[in-house]
Amino acid sequence: EVGLSTGYRWYYPTSGNLASVMRSIWNGSIATLLGNHNHNFAWGGSMAIRKTTFHRVRVLEYWQRSISDDYSMTRALRDARLRIHYEPRCLIGSYGRCGWGELLEWSTRQMILTKVYSRKLWQLALVSQWTFALVWWWALAGIVVSFLPITRGPIPSAVWGGGTQKYALLAGLLFLFGAVRGWYRIRTIQHLRPEHRDEIQNFWWGYALLFPLASTLTAYNLARSALASSIEWRGVRYEFGSAQELRVIRSE
């Protein structure tokens, strides 16, 4: 029942470069979605497929007019009702610095590709990430507003009523849950890559404490991707009609 085996990547941040720490957090939340279930996806940097399976599921046909080798591979295997096995020992380390502009462009491009090639996954991310972002920032704003004299009247009271304790409790519970999940993610990667234990531990504060910013970044990426129908990748701009419709509209 297994058609393909895949690993994934883990970005190792660079000291003194907050953007690369955010990239690692952002990517790590996706890396730990893979596991022993039927919802895995192939990742082009670390995947293996039998030649006979490759031809049987007609991967080359799916690759025609496709910009994403792994998403198209995933679709071919799912259409053939074959499982994608996640092999955590094939987690690949990626290094290097990135700037904020590069981070925004890269993360938004990932979400646009997800929207085009895996619509249900994109919709699930849209609902979950925007729900968290709205509730989190509403709770933080509630803490601030509770100290201001603008909660009088029926409408402000309905939106901001409840006092500081309610908002602090909500924000605290959300933060505690995310911090525990981030810490568990650190321990998982350290178990898979013990040779990088110290390297990962140096950035524990990012994985455990900066997840609200990473989730907000994801919500931003999703909002941008909802309005986008093209991407630019290495000097080439591609425009999508659907997963089977791809046009090169500019090439340097």
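Which loop does Arg-234 lie in? Arg-234 sits in the loop between strand 4 (230-233) and strand 5 (236-242), where helices (H or I, at least four residues) and strands (E, at least two) are DSSP runs numbered from the N terminus. This is a predicted model, so local features need pLDDT of at least 70 and side-chain atom pairs count only at pLDDT 80 or more, while totals for chains, interfaces and linings use all residues. Residues are numbered from 1 along each chain as its sequence is written, and side-chain values use heavy atoms, with hydrogens and water left out.

**Overall picture**

- The chain has 11 helices and 6 strands, and its C-alpha trace spans about 70 × 45 × 40 Å along the principal axes.
- Of the 252 residues in the chain, 43% are buried; buried means under 20% relative accessible area, exposed over 50%, and partly exposed in between (1.4 Å probe, protein chains only).
- Take the contacts (heavy atoms within 4.5 Å) with a separation of 6 or more: residues 24 or more positions apart account for 73% of them.
- The accessible surface comes to about 14100 Å², and carbon and sulfur atoms hold 60% of that; accessible areas come from the Shrake-Rupley method with a 1.4 Å probe, and for residues only the protein chains shown count as cover.

**Nonpolar cores**

- A nonpolar core here is a set of buried Ala, Val, Leu, Ile, Met, Phe, Trp, Tyr and Cys residues joined through side-chain atoms within 4.5 Å.
- The largest one has 31 residues, and Tyr-8, Trp-10, Ile-25 and Tyr-207 have the most contacts inside it.
- Elements giving two or more residues to this core include strand 1 (2-11), strand 3 (83-94), helix 6 (119-145) and helix 8 (163-192).
- Helix 1 gives the most to this core, with 7 residues.
- Setting aside neighbours within four places in sequence, Ile-25 touches Gly-206, Tyr-207, Leu-210 and Ala-214.
- There's also a second, separate core of 11 residues, with Ile-67, Val-116, Val-236 and Tyr-238 among them.

- Thr-218 belongs to helix 11 (residues 211-226) and is buried, because its relative accessible area is 8%.
- Beyond its neighbours within four places in sequence, Thr-218 is in contact with Trp-26, Met-111 and Gln-129.
- Ser-66 is in the loop between helix 3 (59-63) and helix 4 (69-79), and counts as buried because its relative accessibility is 18%.
- The side chains of Ser-66 and Tyr-117 make a polar contact of 3.4 Å; that term means a pair of N or O atoms within 3.5 Å where, within protein, one must be able to donate a hydrogen and the other to accept it, and residues adjacent in sequence count only if both atoms are side-chain atoms.
- With neighbours within four places left out, Ser-66 also contacts Ser-72 and Leu-246.

**Nonpolar surface patch**

- Leu-18, Trp-100, Trp-183, Trp-204, Trp-205 and Leu-209 make a nonpolar surface patch of about 590 Å².
- Patches are made of residues with over 30% relative accessible area and no salt bridge, with like charges joined within 9 Å and nonpolar side chains (Val, Leu, Ile, Met, Phe, Trp, Tyr) within 5 Å; a salt bridge is a side-chain nitrogen of Lys or Arg within 4 Å of a carboxyl oxygen of Asp or Glu.
- Helix 10 (residues 204-209) supplies the largest share of the patch, 3 residues.
- Trp-100 lies in helix 5 and is partly exposed, with a relative accessible area of 46%.

**Positive phi in loops**

- Arg-234 isn't a glycine, yet has a positive phi of about 55 degrees; at 80% relative accessibility, Arg-234 counts as exposed.
- Arg-58, in the loop between helix 2 (51-56) and helix 3, has a positive phi of about 60 degrees although not a glycine.
- At 41% relative accessibility, Arg-58 counts as partly exposed.
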